[in-house]
Amino acid sequence: MDERLVATLTQQFFNALAIGGIYALIALGYTMVYGIIELINFAHGEIFMVGAFFGMTFLLTLGFTGAIADPVTLALVLLASFAVVMPLLGLVGVGIERFAYRPLRNAPRLAPLITAIGVSFILQNIVYIWQGPSPVQFPQILSPQVRFSILGASVSWITVLIVVVTAILLVALQLFVSRSRLGRAMRSTAQDRDAAQLMGVNINTTIALTFFLGSALAGAAGIVYGLYFGTIAFNIGFIAGLKAFTAAVLGGIGNTTGAVLGGFIIGFVEVISAQLGLAIWSHAIVFAVLVIVLVFRPAGLLGQPIGER
């Protein structure tokens with residue numbers, strides 16, 4: 001095989017991994033909330049956007065505006081960013097659930113759906129007033145110029161960071177849901193909310209925890225998005241959130257592994273479309289793939305996890 005072709009394919013493979021990892025982190029929040037209360041939280045994309053701005057503000061507050069040369073300092077700053085931004089975004093998600101969604105829990109399904117759209121516009125306008133309409137520079141503490149070569153392709157270490165963060169958070173989430181007491185409460189609530197409540201599960205706490213975890217993951221996605229693309233804006237959450245929701249549906253909404261799989265698939269579809277000169281059609285191609293999959297497999301690629309009733 002031609003060396004130039006191999007280098008191009010390798011380069012695009014890693015590009016797709018980076019973009020897919022961002023979509024996967026956002027999609028996890030969509031699929032968790034839907035799995036618990038069957039709500040499509042359309043404000044989730046804006047929570048991701050807020051996470052990017054929180055990450056930028058945190059780094060600027062510490063005085064970091066450019067690349068950090070020392071690996072130890074870089075690692076500590078990255079860990080601190082995730083450790084601060086993720087809980088803050090989790091609290092934002094809990095607040096939204098408490099004041100916007102909980103009062104409508106027993107209302108017709110259309111009411112919380114419209115409320116979610118309203119919350120997304122509220123978050124957009126808050127950031128619009130706070131940071132303005134123009135894109136702003138995200139501190140590039142991990143320089144895109146720091147790269148390594150593989151099969152003739154030049155790959156940024158930011159790509160590796162995104163894949164590692166996605167893998168670690170997915171594994172941690174799976175372990176939490178499958179082995180912890182609160183995770184069992186989440187699974188029982190997803191299977192049968194009324195029965196779980198009769199067995200002593202605190203439904204309000206469980207749902208709030210779900211929003212906390214989903215929003216925290218969106219915060220992590222916001223940080224890696226800023227590091228990868230270099231600029232953020234108040235409206236980045238709309239398209240990213242829509243594609244992440246598509247990823248959740250594609251993989252099987254309610255299935256965390258399926259959400260991650262769907263995110264990476266959409267990343268590859270976008271990159272392949274751009275490589276073929278169809279970048280302007282990438283959005284249409286993504287949704288065409290979704291339609292085709294749902295026609296032949298309505299529950300998504302991995303299906304929805306259905307417990308025994």
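This is a predicted model: local features need pLDDT of at least 70, side-chain atom pairs count only at pLDDT 80 or more; totals for chains, interfaces and linings use all residues.
Residues are numbered from 1 along each chain as its sequence is written, and side-chain values use heavy atoms, with hydrogens and water left out.

Back to helix 2: 14 of its 19 residues are buried, so this helix is mostly covered. Buried means under 20% relative accessible area, exposed means over 50%, and partly exposed is in between (1.4 Å probe, protein chains only). Just after the helix comes G63, with a positive phi of about 95°.

Now for the charged pairs. Side chains of opposite charge can pair when their charged atoms come close. A salt bridge here is a side-chain nitrogen of Lys or Arg within 4 Å of a carboxyl oxygen of Asp or Glu, and the whole structure has four of them. One of these joins R109 and E38, at 2.5 Å from N to O. The pair links distant parts of the chain, 71 residues apart: R109 sits in the loop between helix 3 (71–101) and helix 4 (110–131), and E38 in the loop between helix 1 (3–37) and helix 2 (44–62). R109 is exposed, at 62% relative accessible area, and E38 is partly exposed, at 42%.

Next, look at K243 and E270, whose closest N and O atoms are 2.1 Å apart in a salt bridge. K243 lies in helix 9 (residues 236–251) and E270 in helix 10, so the bridge ties together parts that are 27 residues apart in sequence. Both ends are covered: K243 counts as buried at 3% relative accessibility, and E270 counts as buried at 13%. Elsewhere, salt bridges that share partners join E97, R102 and R105 into one network. Within it, E97 and R102 pair with their closest N and O atoms 3.2 Å apart; E97 is buried at 1%, whereas R102 is partly exposed at 23%.

Stay with helix 10 (residues 256–275) for a moment, and find G262 in it. G262 is buried, with a relative accessible area of 0%. Leaving aside neighbours within four places in sequence, G262 is in contact (heavy atoms within 4.5 Å) with A247, L250 and G251.

On a 1 Å grid over the protein atoms alone, where a 1.4 Å probe fits, a pocket is an open set of points with protein on both sides within 12 Å along at least five of seven lines, and lining residues have an atom within 4 Å of a point. Of the 18 lining residues, F82, M86, V165, I168 and L169 are the closest to the pocket's centre. Helix 3, helix 5 (157–179) and helix 8 (203–229) each give two or more residues to the lining, with the largest share, eight residues, coming from helix 5. The lining divides into 18 nonpolar residues, no polar and no charged. Here Ala, Val, Leu, Ile, Met, Phe, Trp, Tyr, Cys and Pro count as nonpolar, Asp, Glu, Lys and Arg as charged, and the others, Gly among them, as polar.

Conventions:
Helices (H or I, at least four residues) and strands (E, at least two) are DSSP runs, numbered from the N terminus.
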